[in-house]
Amino acid sequence: FSNRANRSLIAKLEERKARVVQISPLEAEKIKSDDFSQILKDKLSDFDWIMFPDVLAVDCFVEILEENGVDLFELDESRVLAFGEAVADRLRFSQLHADVIPKTIDIQTVFSTLLDYLTEKEIASLKFLMPKEKSFKFELKNEISEAKVKEISVYKLKTAEKKEASKLKTFIKGGAIDEIIITRPEEIIFLKHILEPENLSEILSQTKVSGIDEITMQSLRENNLKPVYFQKNRFV
């Protein structure tokens with residue numbers, strides 16, 4: 001992705017005569033929906049569980065709470081499910097604890113992990129809050145009674161240019177991309193959004209995917225990818 005943090009890496013790749021296809025990062029715009037406003041007027045503690053699907057949902061949810069003077073200690077009574085270690089790590093930055101962290105973030109694994117913690121009878125009696133990206137389809141609510149699930153949009157991604165998205169899909173499917181380098185968990189969210197409705201693990205099954213640190217590598221694995229560490233020393 002063509003962001004400031006990647007400039008040095010991109011320059012080194014180009015110095016080695018590599019052809020670098022740069023992807024424009026998407027912008028995440030924080031939003032506070034009417035539903036969220038109502039929740040803030042009531043009590044967050046009314047929800048037994050809060051489920052976070054990605055790191056941006058964590059960031060925006062926490063920011064909205066802080067802007068509205070909500071003490072994060074109000075969340076102590078709620079259990080938290082984090083869709084992966086990167087999400088749990090981001091929660092820790094805000095001094096929030098994840099009670100359940102599935103090994104992968106496909107819905108079947110998330111639900112079965114939740115069943116290791118709760119019985120189906122218990123799930124049916126609980127209330128769940130799900131902060132998410134505006135267009136994100138929360139398939140988990142199909143496994144839990146919809147009446148018990150409250151989705152709230154806390155951010156939206158500005159859609160990538162159709163031309164750029166189409167070009168990237170064509171390159172990947174045509175085998176023109178040898179390696180995709182991911183440098184932070186947010187980029188996985190961007191890539192999934194750009195490549196929709198394609199399944200990320202399927203469309204990248206024949207493409208080398210690299211991560212530059214352990215938290216990014218773990219996020220890639222949680223998305224059912226088989227990443228390798230990007231070897232920075234090849235550019236020394």
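A salt bridge is a side-chain nitrogen of Lys or Arg within 4 Å of a carboxyl oxygen of Asp or Glu. The model is predicted: local features need pLDDT of at least 70, side-chain atom pairs count only at pLDDT 80 or more, and totals for chains, interfaces and linings use all residues. Residues are numbered from 1 along each chain as its sequence is written, and side-chain values use heavy atoms, with hydrogens and water left out.

**Exercise 1.** State how many salt bridges the rule gives, and examine the pair Asp59 and Arg90.

Solution. 
1. The count is twelve salt bridges.
2. Between Asp59 and Arg90, the closest N and O atoms are 2.7 Å apart.
3. Asp59 belongs to helix H3 (residues 55–67) and Arg90 to helix H4 (residues 85–93), so the pair ties together parts 31 residues apart in sequence. Helices (H or I, at least four residues) are DSSP runs, numbered from the N terminus.
4. Buried means under 20% relative accessible area, exposed over 50%, and partly exposed in between (1.4 Å probe, protein chains only). Asp59, at 23%, is partly exposed, whereas Arg90, at 16%, is buried.

**Exercise 2.** Classify the partners of the salt bridge between Arg221 and Glu214 as buried, partly exposed or exposed.

Solution. 
1. The N to O distance between the side chains of Arg221 and Glu214 is 2.5 Å.
2. Relative accessibility is 32% for Arg221, which is partly exposed.
3. Glu214, at 41%, also counts as partly exposed.
4. Elsewhere, salt bridges that share partners join Asp59, Arg90, Arg184, Glu186 and Glu187 into one network.

How values were computed
Helix = DSSP H or I, 4+ residues; strand = E, 2+ residues; numbered from the N terminus.
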